[in-house]
Amino acid sequence: MALTLYVDTARWRAHHKHVQEQFPGLVPVCKGNGYGFGHERLAEEATRLGSDVLAVGTTYEAARIKDWFGGDLLVLTPYRRGEEPVPLPDRVIRSVSSVDGVYGLVGARVVIEVMSSMKRHGISEQELPQLHAAIENIRLEGFAIHLPLDRTDGSDAVEEVIGWMDRLRAARLPLHTMFVSHLKAEELARLQQQFPQTRFRARVGTRLWLGDHDATEYRGAVLDVTRVAKGDRFGYRQQKAASDGFLVVVAGGTSHGVGLEAPKALHGVMPRAKGVARAGLATVNRNLSPFVWAGKQRWFAEPPHMQVSILFVPSDAPEPQVGEELVAHLRHTTTQFDRLMDR
């Protein structure tokens, strides 16, 4: 009995091809937990797409994935002097976000990140004059810019990239390749048209692997069902059942990422109101689970255990049967499945 990720493989791969057609020269991104699919599977899919470069998050990920992908590996986390050395092949390209970092990678293949409106990391405009000497002793693979997802100030992503292209050109730095993130297909096309001598390469992860929500589905198997009456005590904390119903033990607990949720940026009155309501219910131990039964998302009977969750299903709903599977609305990037099934 398992928490299973089901993949409509033909549909999933058709979406990959569609995204690849929209973004010529696409660089797939495989980082973290492999967007819920695992590094090995995404390396296989990137190879199937004919990708010559695969972007990973860290040097540790590069070391793990190097035997699964035969092309170049682009490490997205910037190099810092003093970091733990990780043995890596020459086909690994390091990102750098400081002049000092460039000087620390003599002989290496390097992509230089510039500071975007994200203000996370990157070379500043004031540092550009210092790059001339610094890049003489590296193998420069290009520059990169990581853009924000939302632009609440109404600014234009293309104009931000053009601004940096102009600065780099004015500093007489090579502009043969620019790696970009979080651009739309039409925005990438505009840039390529305006700068035909530069190859723009979009680094794409979420849109590529998770863009078709209907191609994947998590399901947890029902392990046990116990009928309870109002007032019956149950669970680790011996809480009382609020009404008659069923305690349903389903595969999927904290070790799978069930019950764990990344913070969300809320926009608008209604999402904020719902967030306040959820927080209020949580204070009285009412937490909605990701599992669906009989068309409704069901409540946790108590906080999820390590490998299973206990749900409360009221008596007016059909009784789940052992072996049945419940759909689970889980976030791919925080979920670890027991098994992946292609269908």
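Predicted model: local features only at pLDDT ≥ 70, side-chain atom pairs only at ≥ 80, totals over all residues.
Me: Where is Arg94 placed, and is Arg94 buried or exposed?

Reply: A residue is called buried when its relative accessible area is under 20%. Arg94 belongs to strand β5, residues 92-96. Its relative accessibility is 10%, so Arg94 counts as buried.

Me: With which side chain does the side chain of Arg94 make a polar contact?

Reply: The partner is the side chain of Glu83, at 2.9 Å.

Me: How should I read a helix, and which residues of α2 are buried?

Reply: An α-helix has 3.6 residues a turn, so residues three or four places apart point the same way. In α2, which spans residues 39-48, the buried residues are His39, Arg41, Leu42, Ala43, Glu45 and Ala46.

Me: What covers the buried residues of α2, and which residue just after α2 takes a positive phi?

Reply: The cover includes the helices α1 (9-22), α3 (59-65) and α8 (206-210), together with the strands β2 (27-28), β3 (53-56) and β18 (339-342). Just after α2, Gly50 has a positive phi of about 80 degrees.

Me: How are the helices α6 and α7 arranged towards each other?

Reply: Angles under 35 degrees count as roughly parallel. The axes of α6 (residues 157-170) and α7 (residues 185-194) come within 10 Å and cross at roughly 30 degrees. The two helices are therefore roughly parallel to each other, and their crossing is right-handed.

Me: Which residues of α6 and α7 meet?

Reply: From α6 there are Ala157, Val158, Glu159, Val161 and Ile162, and from α7 there are Glu187, Arg190, Leu191 and Gln194. Of the residues in this contact, five are nonpolar, one is polar and three are charged.

Me: Where is Thr334 placed, and what does Thr334 touch?

Reply: Thr334 lies in the loop between β17 (325-328) and β18. With a relative accessible area of 30%, Thr334 is partly exposed. Not counting residues up to four places away in sequence, Thr334 touches Asn33, His256, Gly257 and Leu260.

Me: How far is Thr334 from Gly252 in sequence and in space?

Reply: The two residues are 82 residues apart in sequence, while their C-alpha atoms are 13 Å apart in space.

How values were computed
Residues numbered from 1 in each chain as written. Heavy atoms only, no water. Buried < 20%, exposed > 50% of the residue type's maximum accessible area, 1.4 Å probe, protein only. Helix = DSSP H or I, 4+ residues; strand = E, 2+ residues; numbered from the N terminus. Contact = heavy atoms within 4.5 Å. Polar contact = N/O pair within 3.5 Å; in protein donor to acceptor, adjacent residues only side chain to side chain. Axes fitted to C-alpha atoms, helices over the stretch in contact; angles between N-to-C directions. Parallel < 35°, antiparallel > 145°, perpendicular 65-115°, else oblique. Left-handed = near helix turned anticlockwise from the far one by under 90°. Nonpolar A, V, L, I, M, F, W, Y, C, P; charged D, E, K, R; others polar.
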